Amino acid sequence: MAKALRVLAWTMGIACVAIGLEHVLAGNLALPGEEHADATIDSWGRFMGAIFAGYGAAWLWAVRQAPVPARAVRWLAGVFLLGGIGRLLSLAATGWPGAFQAMLAALELGLPPVYFWLADADERRFTA
């Protein structure tokens, strides 16, 4: 289980850094269907991209610790879950997003329970 935690954490960190940097560099082009959005959306998207890249860097920091700190995994998974809850609020307020955003919501709601379950796997390995 410790190996699964490490693989998932590395994958999450790398993916979030890459996605975040894509948004910083590409602006509105990184938002499906929003290529022609105004400067406010472009500014917001680039800022949020930087924040998301930092979130990914926090995953990479956590996974490089020995053992991977369960508390950090739980906090990071909780933030991801909060993003999924935000998407549910958006669904309730404005309706269904595009298929890609719906798939992201499924990941944001489905992965955190896995991380919560695996959170202390590496710490247990070190104390066994």
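Which residues does Leu5 touch, not counting residues up to four places away in sequence? In this predicted model, Leu5 touches Val68, Val73, Tyr115, Leu118, Ala119 and Asp122, where contact means heavy atoms within 4.5 Å. Residues are numbered from 1 along each chain as its sequence is written, and side-chain values use heavy atoms, without hydrogens and water. Local features need pLDDT of at least 70 and side-chain atom pairs count only at pLDDT 80 or more, whereas totals for chains, interfaces and linings use all residues.

Asp122, one of the partners of Leu5, lies in helix α5 (residues 121-127); helices are DSSP runs (H or I, at least four residues), numbered from the N terminus. Asp122 is buried, with a relative accessible area of 0%; buried means under 20% relative accessible area, calculated with a 1.4 Å probe on protein chains only. The side chains of Asp122 and Arg6 are joined by a polar contact of 3.0 Å (a pair of N or O atoms within 3.5 Å; within protein, one must be able to donate a hydrogen and the other to accept it, and residues adjacent in sequence count only if both atoms are side-chain atoms). Leaving aside neighbours within four places in sequence, Asp122 is also in contact with Ala2, Leu5, Gln65, Pro67 and Val68, among others.

Leu5 also belongs to the largest nonpolar core, which has 18 residues. Such a core is a set of buried Ala, Val, Leu, Ile, Met, Phe, Trp, Tyr and Cys residues joined through side-chain atoms within 4.5 Å. Met12, Tyr55, Trp59, Val73 and Tyr115 are, with Leu5, the residues with the most contacts inside this core. Helix α3 gives the largest share, six residues.

Notes. Helices (H or I, at least four residues) and strands (E, at least two) are DSSP runs, numbered from the N terminus. Buried means under 20% relative accessible area, exposed over 50%, partly exposed in between (1.4 Å probe, protein chains only).
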